[in-house]
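Student: I'd like to learn how to read salt bridges in a model. Could you walk me through some?

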Amino acid sequence: MSGLKNDLLLRALLREPVPRTPVWIMRQAGRYLPEYRAVREKAGDFMSLCRSPELACEVTLQPLRRYRLDAAILFSDILTVPDAMGLGLYFETGEGPRFERPLKTGSDIRKLAVPDVAAKLGYVFDAVRTVRRELDGSVPLIGFAGSPWTVATYMVEGGSSREFKTIKGLADNDPAALSTLLDLIAATTIEYLNAQIDAGAQAIMIFDTWGAALEAENYRRFSLASMQIIVDGLTRERDGRRVPVILFTKGAGALLTDMAGTGCDALGVDWTTDLSTARKYVDDRVALQGNLDPATLLESPDKIRQGVAEVLESYGSGPGHVFNLGHGITPDIDPDNVTILVDAVHELSPAYK
Ligand code: CP3
């Protein structure tokens, strides 16, 4: 099972030389694909889709049938972890994720415990094994989790938030309770990701979508410190190969410098920081993944090719670049525009190697 036909992603994440830049797309399995919408309808709701290893495997593979991608990412969600902690995750159509039992007070937090990960999240590990079997060594499989801070925002706010008033109030008024919560999520996430690695995940990505909502000092204290705990606890080698770890804080900017010091292998970069600048921030200590603005995919084929060329040019020559969007692909994208993007990376990137 360890012999990979295409290991460009794993090599680029370790800053090893590759003949072209590998490419995958955040949220590559999702609502912009009609075949995803069909399976999602068959499953009934989003969590039933995540809980069925066969259906989760099917939607994981769908984008790979259409596009020359260099990685699969497990179809699941970052909020499976608080669901396993007993908060009761559900999705309201058009409203995003919600919890039946959000954490309202410090005493709600103090009642939480690390769940039995094997029992509560076994469906995720079954999906990983199913996907690995079906991929049959064609490309590596990325496993993932949310950062403790980002997951905590949903647990405390009860769903998606713009201003994070409740959790920022907790940070100011009961920082000990917030730290307890973050430590608990970090401990659960270590078990969760190591079980994904045991089941066959070959690289790991941690999504910190909301870390940059914090001021820099609190970012380091609450978001980065809890990601550091996870990086320190992860299995870093499996079947004789390193399992690269990618951290992604959307909007990190100059904080990329701090992130590069965690011992991770790579950093995701959103489109608000040029890769040439990001490269200076990290001083070539880690690989970089990104960072085309997802909105570019709404434009003409020429504009998309130009956008790809600019991202490649901004990274420049040398190893350590994985092509991606700067954040997830949105449901309004024409699937044919993704073909244009992926083909442009294949065509233009060898010149930078
Ligand atoms: O990238 C992939 O293809 C793998 C699957 C994946 C999903 N969610 C599937 C999903 C991954 C990696 C995630 C991560 C995730 N989930 C994040 C961090 C990454 C990011 O984009 O910032 C966050 C914040 C979540 C929480 C979450 N899950 C939200 C806010 C929503 C609603 C989004 C929306 O646009 O309505 C979800 C649901 C979700 N997760 C969908 C998908 C494909 C859409 C659900 C549907 O089919 O109705």
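Student: Which residue forms a salt bridge with Arg15?

Tutor: First, the general idea: side chains of opposite charge can pair when their charged atoms come close. A salt bridge here is a side-chain nitrogen of Lys or Arg within 4 Å of a carboxyl oxygen of Asp or Glu. Arg15 pairs with Asp284, and their closest N and O atoms are 3.8 Å apart. This pair links distant parts of the chain, 269 residues apart: Arg15 sits in the loop between helix H1 (8-13) and helix H2 (34-43), and Asp284 in the loop between helix H14 (275-282) and strand E10 (287-292). Helices (H or I, at least four residues) and strands (E, at least two) are DSSP runs, numbered from the N terminus.

Student: What kind of model is this?

Tutor: It's a predicted model, where local features need pLDDT of at least 70 and side-chain atom pairs count only at pLDDT 80 or more, while totals for chains, interfaces and linings use all residues. Residues are numbered from 1 along each chain as its sequence is written, and side-chain values use heavy atoms, leaving out hydrogens and water.

Student: Is Arg279, which meets Asp284 in a salt bridge, buried or exposed?

Tutor: Buried means under 20% relative accessible area, exposed over 50%, partly exposed in between (1.4 Å probe, protein chains only). Arg279 is buried at 16%, whereas Asp284 is partly exposed at 34%. Their N to O distance is 3.0 Å.

Student: How many salt bridges does the structure hold?

Tutor: There are 20.
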